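This report is written for a reader who is meeting a protein model of this kind for the first time. Please look through the sequence and the structure before reading on.

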Amino acid sequence: MSDKFDVIVIGAGPAGYVAAIRAAQLGLKTACIDAFTGKDGKQALGGTCLNVGCIPSKALLDSSKQFHNLTHNFAVHGITADNAKIDVATFIGRKDKIVKQFTGGIGQLFKANKVTAFYGTGKLLKGNSVEITANDGSKQTISATNVILASGSVPIELPFAKFDNKFIVDNAGALDFPEVPKRLGVIGAGVIGLELGSVWGRLGADVTILEALPDFLSVADADVAKIAAKEFAKQGLKIKLGAKLTKAEIKGNEVALTYEDKDGAHELTVDKLLVAVGRRAYTAGLLADDTGVKLDERGRIVVDEHNHTGVDGVWAIGDAVRGPMLAHKGSEEGVAVAEWIAGKAGHVNFDTIPWVIYTEPEIAWAGKTEKELKDAGIPYKVGTFPFAAIGRAVAMNEAVGQVKMLAHAETDRLLGVHMVGPGVSELIAEAVVTMEFKGSAEDLARIVHAHPTLSEAVHEAALSVDKRAIHKG
Ligand code: FAD
């Protein structure tokens with residue numbers, strides 16, 4: 001086979017593998033290089049998301065939710081079970097099987113679409129060649145007209161709480177604890193900290209989350225954050241705001257923490273510590289010195305609105321570039337870049353990217369928050385509707401939370417939708433579609449929604465924008 005490709009993608013996460021498949025679909029001769037090694041020591045495609053992110057975390061969230069429901073929520077249905085136990089090896093094994101199914105699936109998709117997969121570390125050289133270094137140190141060079149950089153991100157490490165991957169762990173470590181830690185410390189009350197804190201909390205860990213910022217979940221709408229904080233507290237998650245970790249010391253089989261808040265310094269001892277303070281773009285060893293590709297002050301690859309780096313034929317997508325670190329954002333950039341390369345019109349609308357946190361209750365939003373609208377001086381109307389008044393939610397015994405809708409005060413155009421409650425990870429899609437089509441609250445209000453479903457909360461919130469919700473006093 002010739003070593004000259006139309007497209008080489010470096011990184012096979014949700015940004016890179018999707019870009020590679022789309023490029024191949026468009027008739028471009030495509031290669032994709034990835035260095036990730038799975039638990040079995042073999043190449044595992046799919047990047048962070050499939051191996052140690054989105055998919056395994058959702059598998060564990062689902063298993064732990066079943067256990068928590070059995071031990072806490074089933075009695076109301078008349079169902080009780082004595083001596084309910086969790087077998088952690090089976091719990092982790094199920095997650096590993098799901099990961100393998102999906103990472104293996106990418107390999108099959110590559111074969112079906114004739115994408116050539118290389119296993120190793122890719123380094124962009126000047127002139128759009130890529131040097132691949134395999135695990136055994138052997139090297140080969142391939143070249144292409146276009147190279148797409150999709151090297152993703154890695155967890156940020158705190159200098160005073162370095163990962164040892166046994167006691168002080170990152171996301172990968174917290175997806176693989178051999179047993180339920182009695183006391184789990186989590187640094188960072190962001191998406192990853194809340195999701196993985198919930199997993200182990202539901203299985204019985206005493207979870208304390210330290211968050212340096214004074215406000216809880218400040219990226220979300222304030223009302224949503226308030227409802228979620230109350231529910232998490234009821235579940236026993238101890239979330240301490242304005243609490244800055246200053247020291248973490250492994251002592252025997254424990255981790256001794258020191259943190260500071262407005263009342264001074266505090267000590268806390270935990271069995272495991274998850275550091276989830278964010279992720280940073282990963283570009284180590286990716287670029288030869290003379291490629292001309294630039295990094296910004298946060299180490300992200302600089303790109304324009306078309307994900308072009310400014311170097312002829314070199315593009316970058318996903319967590320390695322600006323924008324939210326979300327799998328679906330990277331995938332859409334991958335599709336768009338492949339289409340731009342093929343001379344088509346790619347498109348990613350950053351204004352309607354949905355955010356989801358898979359806690360209990362779930363949290364989901366798209367578009368502007370109320371604060372953003374206020375700060376921008378945009379006149380708006382608000383409609384809300386609680387799940388407590390939704391028959392399906394009550395029948396499910398999951399009647400917590402609400403849907404909040406923000407529409408332009410004059411045009412009624414939908415500007416933001418913020419949800420907390422059952423199944424909102426799925427319900428948010430309706431809001432995204434409406435916003436993508438520049439729809440109004442009135443559009444949603446006039447659409448027939450099946451009864452009884454959770455989606456009626458979306459319908460009623462849209463009606464509530466003009467104060468005509470039916471089931472609201
Ligand atoms: P990555 O997935 O990080 O993939 C990059 C790949 O490139 C990796 O396999 C890496 O080994 C490889 N690579 C890097 N450099 C080189 C090189 N030089 N040569 C060869 N290969 C290289 N997002 C969501 O949207 N929904 C979720 O529910 C969600 N849950 C998450 C849960 C957790 C615990 C974590 C950690 C993240 C989660 N995310 C979620 C975020 C999501 O995983 C990332 O946004 C997504 O994986 C980014 O995709 P990417 O392709 O840009 O990079």
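Is Glu 211 buried or exposed? In this predicted model, Glu 211 is buried, because 24 other C-beta atoms lie within 10 Å, and 20 or more are needed for that label. Glu 211 has its place in strand S10, which covers residues 206-211. When residues up to four places away in sequence are not counted, Glu 211 touches Gly 188, Ala 189, Ile 239, Lys 240, Leu 241 and Ala 243.

Glu 211 also belongs to a feature that the unreviewed UniProt entry calls "binding site", together with Gly 188, Ala 189, Gly 190, Val 191, Ile 192, Gly 193, Leu 194, Glu 195 and Gly 278. These positions are spread over 91 residues of sequence, and yet they cluster in space, with a largest C-alpha distance of 14.4 Å.

Another member of this annotated site, Gly 193, is found in helix H6. Gly 193 counts as buried because it has 25 C-beta neighbours inside 10 Å. Leaving aside neighbours within four places in sequence, the contacts of Gly 193 are Val 186, Gly 188, Ile 209, Leu 274 and Ala 276.

| Domain | Residues |
|---|---|
| Domain 1 | 4-155 + 280-342 |
| Domain 2 | 168-277 |
| Domain 3 | 355-465 |

The centres of domain 2 and domain 3, taken over C-alpha atoms, are separated by 29 Å, and twelve residues of domain 2 are in contact with 16 residues of domain 3. On the side of domain 2 that touches domain 3, helix H6 (191-202) and helix H7 (222-234) each supply at least two residues, and H7 gives the most, with six residues. By class, the residues of this side of domain 2 divide into seven nonpolar, one polar and four charged.

A separate annotation in the unreviewed UniProt entry, "domain: FAD/NAD(P)-binding", covers residues 5-334. This span is 30% helix and 27% strand, and its end C-alpha atoms lie 17 Å apart.

The ligand is surrounded by 36 residues, of which the closest are Gly 11, Gly 13, Gly 47, Gly 152 and Gly 318. Among the elements that give two or more residues to this shell are strand S2 (30-34), helix H2 (47-52) and helix H3 (54-73). By class, the shell around the ligand has 17 nonpolar, 17 polar and two charged residues.

Terms used: Residues are numbered from 1 along each chain as its sequence is written. This is a predicted model: local features need pLDDT of at least 70, side-chain atom pairs count only at pLDDT 80 or more; totals for chains, interfaces and linings use all residues. UniProt positions are given in the numbering used here, feature names are shortened, and annotations may be inferred rather than shown by experiment. Helices (H or I, at least four residues) and strands (E, at least two) are DSSP runs, numbered from the N terminus. A residue is near a molecule or strand if its C-beta atom, placed from the backbone, lies within 6 Å of it. Ala, Val, Leu, Ile, Met, Phe, Trp, Tyr, Cys and Pro count as nonpolar, Asp, Glu, Lys and Arg as charged, and the others, Gly among them, as polar. Domain bounds come from an automatic or database domain assignment. Two residues are in contact if their C-beta atoms, placed from the backbone, lie within 7 Å. A residue is buried if 20 or more other C-beta atoms lie within 10 Å of its own, exposed if 12 or fewer, and partly exposed in between; C-beta atoms are placed from the backbone.
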